[in-house]
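Good morning, and thank you for coming. I would ask you to keep the sequence and the structure in view while I speak.

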Amino acid sequence: MASSFPDIVPELQARTPQLRGRLLANQSLAELTWFRVGGPAQVLFMPEDEADLAYLLAQLPAEIPVIVIGLGSNLIVRDGGVAGIVIRLGRGFSEVKIEPGWRVRAGAAVPDVKVARAAQEAGISGLSFLRGIPGAIGGALRMNGGAYGRETKDALIEARGVDRQARTRVFANAEMHYAYRHCGVAEDVIFTQALFQGAAGDPAVIAAEMDKITESREATQPIKSRTGGSTFKNPPGHKAWQLIDAAGCRGLTVGGAQVSEMHCNFLINLGGASAADIETLGETVRRRVKESSGIDLEWEIKRIGIPG
Ligand SMILES: Cc1cc2nc3c(=O)[nH]c(=O)nc-3n(C[C@H](O)[C@H](O)[C@H](O)COP(=O)(O)OP(=O)(O)OC[C@H]3O[C@@H](n4cnc5c(N)ncnc54)[C@H](O)[C@@H]3O)c2cc1C
């Protein structure tokens, strides 16, 4: 039976008479993630814009947890669902603007691929790496998403965000404290916008670069599967997929979850997997890699919520 949480929406509505975005109780999150697994959000909130987001956060009792999700391409939602409020940014955060000086400003809900395309059309180079990352800009900011030799930190001028106390701040690149697939900004900050710096480029050349990225990904990654992208970070000096392969885990299954035959740092939901199947498979891979190589793999995929 699907789990459900006490409905706190009426209480939240009473506290926030001027709220414009939607609050939904016990809303399933599985459809909002690439893996298509997991339980509901106690409350799913879709703010209309940044002011609406800040308004809710300001009125919210401190003990209610808040978490933001993007396009769910790097995410396992556990089977018991997520207590508190899950925020998903939508329309009010979906603008892309070209600015003077080869700059691109994008809302946190804009898919990365759309930013890459807008830059290409405007003859701005340096952002085509975003073509291959199937998340939205908020996720790229938080994960320092990257591919093909470039990552978010190489292109970012600054990011805007709202914290749990409803304070809006602009973070300069250095204040993001970026490392490989890591952002050092406090976990409670919800990014709302990014400003990227590109350089002058030829739209045809950039388009060709993007086509190459598309082809290469189709050939090497199970991009049409229910997956979460790279499961583990590459440990310094190693490739996670090689360690996983050497540990004999290619094709390994737990319930309905499998280590991809195509790219063994990707886990796949074959159809009927639970979040527990996927997480147990990941932990099994970690244990086997530790036994065979002595190396501890660190999860890159974010896991949220409570076990079923
Ligand atoms: C087929 C496939 C290929 C992939 N290839 C790559 C790749 O080449 N390079 C790469 O870096 N990643 C890759 N990924 C992983 C993933 O696409 C990236 O990590 C992406 O940046 C996640 O964005 P998202 O919007 O889906 O975030 P989600 O998966 O929804 O969330 C990821 C994390 O970001 C946080 N987050 C989301 N939005 C915000 C926000 N607005 N403010 C603050 N925090 C936020 C969430 O709380 C969570 O901790 C791949 C994934 C798949 C499925």
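Let me begin with helix α3, which covers residues 112-121; its buried residues are Asp112, Val115, Ala116, Ala118, Ala119 and Gln120. Please bear in mind throughout that this is a predicted model. The cover over the buried residues of α3 includes β6 (96-99), β7 (103-107), β8 (124-125), α4 (137-143), β13 and α6 (203-220). After α3 comes Gly123, with a positive phi near 70 degrees.

With 19 residues at 1.5 Å a residue, α8 should span 27 Å, and the distance of 27 Å between its end C-alpha atoms agrees with that. Which residues of α8 are buried? They are Ala275, Asp277, Ile278, Glu279, Leu281, Gly282, Thr284, Val285 and Val289. As a general point, an α-helix has 3.6 residues a turn, so residues three or four places apart point the same way. The buried residues of α8 pack against strands β4 (75-77), β16 (253-254), β17 (257-259), β18 (266-269) and β19, and against helix α7. Just after α8 stands Gly294, which takes a positive phi of about 80 degrees.

Is Gly272 buried or exposed? Its relative accessible area is 69%, so Gly272 is exposed. Leaving aside residues up to four places away in sequence, Gly272 touches Gly256 and Asp277. Asp277 is one of the buried residues of α8.

Now to the ligand. There are 35 residues around the ligand, and those that come nearest are Val68, Gly70, Ser73, Gly146 and Arg217. An N or O atom in the backbone of Phe191 is 2.8 Å from a nitrogen atom of the ligand. For Ala140, a backbone N or O atom lies 3.4 Å from a ligand oxygen atom. Arg181 takes part through its side chain, where an N or O atom is 3.3 Å from an oxygen atom of the ligand. How much of the ligand does the protein bury? Taken alone, the ligand exposes 970 Å², and the protein buries 95% of that. Two or more residues of the shell come from each of β3 (66-69), α4, β9 (146-147), β13 and β15. Helix α4 gives the most, with five residues.

Not counting residues up to four places away in sequence, Arg181 touches Met143, Asn144, Gly145, Gly146, Ala147, Glu151, Lys233 and Glu300. Two of these contacts can be described further. The side chain of Arg181 reaches the backbone oxygen of Gly146 at 3.0 Å, and it makes a polar contact with the side chain of Glu151 at 3.5 Å. As for Lys233, its C-alpha atom and that of Arg181 are separated by 7.6 Å, with the residues 52 apart along the chain.

I close with the aromatic rings. A pair of aromatic rings is described by the distance of the centres and the angle of the planes. How many aromatic pairs does a search of the whole structure find? The search finds two. In one, the ring centres of Phe171 and Phe191 are 6.2 Å apart and the planes stand at 80 degrees, so this pair is edge-to-face. It links distant parts of the chain, with Phe171 in strand β12 (residues 168-172) and Phe191 in strand β13 (residues 190-197), 20 residues apart. Phe171 is buried at 5% relative accessibility, and Phe191 is buried at 4%.

The other pair is formed by Phe232 and Trp299; it is tilted, with 5.1 Å centre to centre and 55 degrees between the planes. This pair also links distant parts of the chain, 67 residues apart: Phe232 is in the loop between β15 (226-230) and α7 (240-246), and Trp299 is in the loop between α8 (275-293) and β19 (302-304). Phe232 is buried, with a relative accessible area of 1%, and Trp299 is buried as well, at 10%.

How values were computed: Residues numbered from 1 in each chain as written. Heavy atoms only, no water. Phe/Tyr/Trp six-rings, centres within 6.5 Å; stacked < 30°, edge-to-face > 60°. Helix = DSSP H or I, 4+ residues; strand = E, 2+ residues; numbered from the N terminus. Buried < 20%, exposed > 50% of the residue type's maximum accessible area, 1.4 Å probe, protein only. Expected span 1.5 Å × (residues − 1). Contact = heavy atoms within 4.5 Å. Near = heavy atom within 4 Å. Polar contact = N/O pair within 3.5 Å; in protein donor to acceptor, adjacent residues only side chain to side chain. Areas by Shrake-Rupley, 256 points an atom, 1.4 Å probe, with all protein chains shown as cover.
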